[in-house]
Amino acid sequence: MKSFLSLLALPLLAAAYTPKHDGPHPGSDGKFTLKAPGITAKFIAYSAAITNLVVLDRNGVERDIILGYDNASLYPVDPNHPDYGAVPGRYANRIANHNYVLDGERYYTEANDGNGTLHSGLNGWSRRTWNVTKVTDNSITFSIRDESNSSMGMPGLVIGTVTHTLDAKSWSTKLEGVAVTHKTPIMLTTHPYWNLDAFNNPKTDLILNHTLSLPFGKRMIGIDPTTQSTGGLPSVPKGSVNDFWSAPKQLGASSGAAAWVGNCGSAFNCSGYNNQWIVDREAADADKPVATLSSDFTGIKWDLYTDQPGVVVYSCFWMGGANELKASQKGPATNGFVRSNGCVAVEPQDWIDGINHPEWNRTSHQIFSPDTKPFVSNIQYKFSTF
C-alpha cells in the first residue's frame, strides 16, 4: 500500500513545480540540488524542506549530516511524519490546551499533541506542498497561500515565503509571513534533524557524543509534564541538566542525572531534551552565534546565527526505529533506521505559546495583521571543521 501511495505522491510533488526561471530543475530523485563552495544541499516542495546537506569532514570525506529520505515521494505519505527538514506554520510548535484568545474571541485549534496543538495541527504548513517560485544555482524560494482556517483556528489569509540560500560553507533561510485579511498568529521556523557523524561513527549511531553550546540560554520556557507551556520562565542553574550556557557539553553528559528522565516530559518519562532555551543577549552580541554543535568523530561543527529570541532543542527521544536512513548513512553502528537519541532537531523561533502569555510581551512578535509589518525570521548555519 505504501508504494502505491508513493506513486500517487509523485504527481503531487511535480505539480507544485512551475518552471518560471532559468535555474536548476528537480533531478530524477525529485529534489532540487543547490551548490556553493564546500556545501551541497537538496530541497523539495513538500513542506519547503531540506532533504540533504553535504559538507566535508576534517579528513575531506563528504558527509550528509541532515536526516531525510532518499525517496522524495515518501515525505507526503510517511505515517510517522517527523517534520524532516520542514518549515512548520503558520504557527510553529505548541499551543497549550489547543486554544488562544485574540481580541476577546477564543479560537480553538486542532488537538494533535495530547490536549495541545503542535505545528498548527494535521494540516499545518509542514504537511503541504508549496509552490516553487524561484531557483538559482545556490538558492530556492518557496511560497504558500494559506486560506483562513485551512488549519483549524487560524483566521485570515496568510501568504508565506521561504528562501533557502547556500554560500561558502553556509546555509541561510529567510522566512516571511504576511497577514492579508485578518489579525492572526504567525510564527515560523526550520526543522532540520542533525547527526554530524552522518551515522558513520563505528562506535555509535547516537548523538549523545555531540557537543552543544547555548551561550545565551540562561532561561527556559517552563513546561508541564506533557510538555505544554506553564507560563513560567525558569532560570537554568549552572551545572544542571539543562546547562549549556556555562560551558559546552556533550548532549549525553547529564544522562546519569536523576533529572534526565522526565526532563522533556515527565508524564512520558521522556529522557533528554525537547525544550526551548530563551536567547538573552545584549545588542552588542547580536552578531554572535546562539548555538554551536560539533562532533569529535567527524570534526564537523556548525554555528547558528539568528534574529529569533529562542532555540528549541529536541534530542529525538521519540524516534522509535521506524524511519529508514538514507543509503549513505547506514553506517556500521546502525540497524538501518533512526533510533531514539539518534538525532537532534534544532528550531530557532520566538517563545513557544507566546500567544497565550501576554505577560511575556511577545504578542507583537507573534500576532500580525494587514496593518502590521510582516513576520520575518533569519536563520543561518555556518559550517567548519576542527
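Begin by selecting asparagine 149, which lies in the loop between strand S10 (139-146) and strand S11 (158-167); strands are DSSP runs of E with at least two residues, numbered from the N terminus. Asparagine 149 has a positive phi of about 60° although it is not a glycine. With a relative accessible area of 45%, asparagine 149 is partly exposed, a class between buried (under 20%) and exposed (over 50%), computed with a 1.4 Å probe on protein chains only.

The model is predicted: local features need pLDDT of at least 70 and side-chain atom pairs count only at pLDDT 80 or more, while totals for chains, interfaces and linings use all residues. Residues are numbered from 1 along each chain as its sequence is written, and side-chain values use heavy atoms, with hydrogens and water left out.

Next, select histidine 119, in the loop between strand S8 (117-118) and strand S9 (131-135). Histidine 119 is not a glycine, yet its phi is positive, at about 55°. Its relative accessibility is 4%, so histidine 119 counts as buried.

For a feature of the backbone, move to glycine 89 and arginine 90, which are joined by a cis peptide bond with omega of about 0°. Arginine 90 lies in the loop between S4 and strand S5 (94-95).

Strand S4 (residues 62-64) contains aspartate 64, the next selection. Aspartate 64 counts as buried because its relative accessibility is 8%. Its side chain makes polar contacts with the side chains of asparagine 52 (2.9 Å) and lysine 326 (2.8 Å). A polar contact is a pair of N or O atoms within 3.5 Å; within protein, one must be able to donate a hydrogen and the other to accept it, and residues adjacent in sequence count only if both atoms are side-chain atoms. Not counting residues up to four places away in sequence, aspartate 64 also touches others, including Leu53, Val54 and Ala198; contact means heavy atoms within 4.5 Å.

Now select glutamine 308, in the loop between strand S20 (300-306) and strand S21 (310-314). At 5% relative accessibility, glutamine 308 counts as buried. A polar contact of 3.0 Å links its side chain to that of aspartate 307. Glutamine 308 and asparagine 378 are 70 residues apart in sequence, and their C-alpha atoms are 7.6 Å apart in space. Leaving aside neighbours within four places in sequence, the contacts of glutamine 308 include Arg281, Phe375 and Asp350.

Aspartate 350 is the following stop, in the loop between strand S22 (344-348) and strand S23 (367-368). Aspartate 350 counts as buried, given a relative accessibility of 4%. Its side chain and that of arginine 362 are joined by a polar contact of 2.8 Å.

Which residues touch the most other members of the largest nonpolar core? Of its 59 residues, these are Leu53, Trp171, Trp194, Trp302, Tyr381 and Phe383. Strand S24 (residues 375-385) supplies the largest share of this core, four residues. A second, separate core of 18 residues includes Tyr46, Tyr75, Leu325 and Val338.

Note on methods: A nonpolar core is a set of buried Ala, Val, Leu, Ile, Met, Phe, Trp, Tyr and Cys residues joined through side-chain atoms within 4.5 Å.
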